[in-house]
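Work through the exercises below with the sequence and the coordinates at hand. Each task is followed by a solution in steps.

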Amino acid sequence: MNGTARTLFLKRLQSDYKNLWEASKLILDWTLFIYILIPGIAIGAFFYMEWLQDIPFLLNFIGWYGWMMILVISFFFHHIKLFTYLADQLFLSRNIPLLRRISQYGIVYSTSMMLLTATLFFIIAAPFLSKLFSLSLLSLGYLWLYYLSGVCLLTLWKKYAQIHISSFIIRSISIILILILWISLSQGILLHLPLWIMWITLSVIAITFVSDKLAYHGTHFLKIAEMDEQTRGKWVNLLFTNVRQQGYKPPSAKPIRLWKESQVMFQKQSSEMIFTDAYFKSFFRNLPVLMPLVQLTGLLIAVLIVSAPHWTGYLFWLASIYIIVDITKTGWLGFRFNSFIELFPWKESMLRGSLETSVRRLSSPILFVIGLLFGYLKFGLFGMLIFSIISVLSGIGLVYWHIRYVPVNHVSIEE
Amino acid sequence: MLQVHIDSAGYQQKEPYLQNIHFTICPGEIVGLIGANGAGKSTTIKSIIGTMEHVHGNIELEKDKQLAYIPEEPILYDRLTLWEHLRLAATSYEMPQTIWEPRAKDLLKKFSLTGKEHELPIHFSKGMRQKTLICLSFMTEADIYIIDEPFIGLDPIATKHLINLLYQEKERGAALLMSTHVLDSAEKLCDRFILLNEGNTIFQGDLLELQKETNQSAGTSLLDCFYELLEEGVS
């Protein structure tokens, strides 16, 4: 049985990575590598070194508990996958020992990945902590283990609570209590070794206990499988594909809220605008696609705020313009190459017109906000005016320089 | 109206799944593409509509003729309402609103979809989604219809309406290529049959010719003739 469970687990793991790779390939094209990733890594590394030399005021101002809050935010980056599929309901849900073994492998694998990524995050933060709070290497070691225990405890508990505790309030309160306890004890554990030993011991016991309870034992199968499917679908949703078997979540059965009488959202009702209308609706009605764009915009704004005092802020500002334009383009391409849209013939000129209109109309408001903010941080009210205009114009420029050459049709229809 | 010359086609460059499929469909004709599971019906259709990667041959569609395709598995966009789907399909064929709206309303009524216009079809049953696709395609009044398993999932009333619609389109002069397993319906509907087996054409012609080819008496059903033909091939 162990061999079967291991083989099945490894196959599912392999399939997860394959899906992730396929989904990533959709946007990780060479332009993204050349324009974003490689310069991004270089600029990021440069920034990091620069900040280490001269720590920004904000990072100093937030103090110990502010830093602990940042570490606590990172607790939410991780998740536990139990590697169950909805299809298991048909064949495996009654084979409790087999599914339990697979879920145990899943917990071990997810925890290992969590420890690895949490350690990497800690390594990035450690030099700042050491410098700001004069921590020795030994103290950093204590803090690292304390951090890992917090990450494990919260992530495992969060998953357990999602499955077994139906009350949202009790779930939230329990999670908040763990976080408050972790933050409050963070300074104490560095000063009192017995407290640290006690915390680590209790955490290990709690983690073992929760892990054991978390592994599948014959109940809540559908809940577990659905959560796993959603986790698998996270990337896929983000990358604008429509692949239900990879965990894609269809829209709810509630009546739609936006344009509920199916009216066209534009006054001009040409072919181009009707196609654009369909794309916009599919975009605005699709929260799993819309939210990552909102989150990304938030992240870009945060990076711009932090980097604005430095000359590298200009690079981030330019990169933000490219990222926003490129993402709105990817969204349109995802819609255009959907199986339904591919059932019908489309004229190249109409598609191109729709792509350019969609990118312009979707990206311009975001670029305007980014320009306003960056301009204000750089040159005050005057900067707001100039940079908002330049941002929008640069976006439009990119449409002419870059988007115009994106292939929109497999075979162009003779016009 | 449509000439199909497929020398070979397949999912891999060096492994052809179809070989030597040649036929023509004329205006006002319903042609049945018949074959067992895996015979190559869907691959033939995919080759015609251009979604197969490795096709050697030639598909000739008369100039300015429009083609509509109804797939076996209803494909719809998850976040567009039924009406938005109809509008988008009409846009693809550049149909004015004054033309497509009455046609769409009439088809929706026929297929009992009136009142569902502003709902997301993702929550429809499989049959309703199939009906949606039928409405989408027939609304366009295309010159050629390629229909993959049209009767699967339809209730008897909808099946009756679809059959009437097929006759109506035939009378209008449209050409229809229909792949199906429902041989009794195919027998009544189709003017000609193309029988496929293991990626090859084993017969082309009408029912009388098929009965002759298989040495069956007049009145033998398409199913029996088809069975006989396959048995002959096996022996």
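**Exercise 1: a helix pair in chain A**

Task: describe how helix α4 (residues 63-75) of chain A and helix α8 (residues 168-191) of chain A, whose axes come within 10 Å, cross each other.

Solution. Helices here are DSSP runs of H or I with at least four residues, strands are runs of E with at least two, and both are numbered from the N terminus. The model is a predicted one, in which local features need pLDDT of at least 70 and side-chain atom pairs count only at pLDDT 80 or more, while totals for chains, interfaces and linings use all residues. Residues are numbered from 1 along each chain as its sequence is written, and chains are lettered from A and ligands numbered from 1 in the order in which they are written.

Step 1. The axes of α4(A) and α8(A) cross at roughly 140°; axes are lines fitted to C-alpha atoms, for helices over the stretch in contact, and angles run from 0 to 180 degrees between N-to-C directions. 
Step 2. This angle makes α4(A) oblique to α8(A), given that angles under 35 degrees count as roughly parallel, over 145 as roughly antiparallel, 65 to 115 as roughly perpendicular and the rest as oblique. 
Step 3. The crossing of α4(A) and α8(A) is right-handed, the term for a near helix turned clockwise from the far one by less than a right angle, with anticlockwise giving left-handed. 
Step 4. On the α4(A) side, A:Trp64, A:Tyr65, A:Met68, A:Met69 and A:Val72 meet A:Leu179, A:Trp182, A:Ile183, A:Ser186 and A:Gln187 of α8(A); contact requires C-beta atoms, placed from the backbone, within 7 Å. 
Step 5. Sorted by class, this contact has 8 nonpolar, 2 polar and no charged residues. Nonpolar covers Ala, Val, Leu, Ile, Met, Phe, Trp, Tyr, Cys and Pro, charged covers Asp, Glu, Lys and Arg, and the others, Gly among them, are polar.

**Exercise 2: the sheet of chain B**

Task: give the strand order of the open sheet of chain B and find what packs on it.

Solution. 
Step 1. The open sheet has 6 strands in the order β5-β6-β7-β3-β8-β9 (chain B), with mixed pairing; two strands pair if DSSP finds at least two bridges between them. 
Step 2. Strands β3 (residues 30-35) and β7 (residues 175-179) of chain B run parallel and are joined by 4 bridges, and B:Ile30 has B:Leu176 as its bridge partner in β7(B). 
Step 3. Packed on the sheet is helix α1 (residues 41-49) of chain B, which touches β3, β5, β6 (144-148), β7 and β8 (192-197) of chain B and makes about 145° with the direction of β6(B). 
Step 4. Helix α5 (residues 156-172) of chain B lies across β3, β6 and β7 of chain B, at about 145° to β7(B).

Technical notes:
Contact = placed C-beta atoms within 7 Å.
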